[in-house]
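Biologist: Please take a close look at a single residue in this model. I would like to know where it sits, what surrounds it, and what the chain around it is like.

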Amino acid sequence: MRFIPLIVARPEVQMAIDEAILIARIESKVPDTIRLYAFSPSSVTIGRFQSVRHDVNLEEAKRLGIPVVRRITGGGSVFHDEFGEITYSVIIGEDFHPALKNVETSYRYLAGPIVDALEDLGLNAGFSGLNDITANGKKISGSAQTRRRGVILQHGTFMYATRVEILGKVLRVSKEKLRDKGISNIWERVTTLEREGIRLTRWEAYELLRESFARAFDLKDGELTDYELELAEKLIEERYGRKEWNEMR
């Protein structure tokens with residue numbers, strides 16, 4: 001399985017790369033791929049079918065210099081802190097493992113290395129609901145997924161030092177959603193490694209995840225092909241770099 005080392009870039013670039021790998025994998029031009037990446041500047045990504053104005057405080061995001069980009073995967077809005085979050089991405093054929101045929105088991109199979117990494121740090125970690133991972137009972141990671149022609153794209157967060165106070169300012173979380181979870185504010189639901197007493201640098205968090213994914217999958221370091229890079233550039237021009245895509249609905 002190909003592993004793409006850390007890429008730090010703007011959100012439209014990261015989302016375009018993920019889709020470019022997906023397209024190239026569907027066309028059998030590249031192998032199954034795992035990569036780890038970080039956003040710079042801090043960014044918000046929103047789910048394929050979300051209303052950006054309903055789920056994101058666009059005025060506050062603009063004031064803080066936080067761009068907002070729409071994903072092709074489902075799920076909710078996500079704050080990617082430049083100084084405290086790493087995103088993982090897996091592009092893999094459904095026939096790689098029987099667990100991938102089912103949506104729920106596929107989430108857990110592909111995000112399993114996140115749980116393993118948290119347990120390596122001595123935290124009580126596990127899955128919650130369909131696509132969340134908790135540490136000591138609070139959400140520390142969430143994933144989103146899409147499927148095309150027998151290939152899965154799943155990507156998700158790993159909050160090692162996310163500034164939760166900024167997350168709370170740029171994401172709109174309804175009182176109804178909080179009440180459904182039995183809490184009064186987002187700080188009661190979300191945590192980070194730092195909030196659990198574990199301080200890691202970006203590089204240390206990256207190495208922790210890389211080693212955990214390497215234990216779960218047979219990884220071989222690789223790089224993006226020229227075809228994938230050209231596809232990504234096209235996708236930025238046609239989709240992720242366009243206001244019409246990012247602010248639709």
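Modeller: Ala144 lies in strand E9, which covers residues 138-148. The model is a predicted one. Is Ala144 buried or exposed? The relative accessible area of Ala144 is 5%, and buried means under 20%, so Ala144 counts as buried.

Glu165 gives a reference point for distance: Ala144 and Glu165 are 21 residues apart in sequence, and their C-alpha atoms are 23 Å apart in space.

Now the chain as a whole. The protein chain has nine helices and 11 strands, and strand E9 is where Ala144 is placed. Of its 249 residues, 54% count as buried, and Ala144 is buried too. Among the contacts in the protein chain with a separation of 6 or more, 75% are between residues 24 or more positions apart.

The overall dimensions fit a compact globule: for 249 residues such a globule would have a radius of gyration near 18 Å, and the protein chain has 17 Å, which agrees. Along the principal axes, the C-alpha atoms fill a box of roughly 50 × 45 × 35 Å.

As for the surface, the accessible area of the protein chain is about 11,300 Å², and carbon and sulfur atoms hold 47% of that.

Conventions: Residues numbered from 1 in each chain as written. Predicted model: local features only at pLDDT ≥ 70, side-chain atom pairs only at ≥ 80, totals over all residues. Heavy atoms only, no water. Helix = DSSP H or I, 4+ residues; strand = E, 2+ residues; numbered from the N terminus. Rg over C-alpha atoms; globule rule 2.2 N^0.38 Å. Buried < 20%, exposed > 50% of the residue type's maximum accessible area, 1.4 Å probe, protein only. Contact = heavy atoms within 4.5 Å. Areas by Shrake-Rupley, 256 points an atom, 1.4 Å probe, with all protein chains shown as cover.
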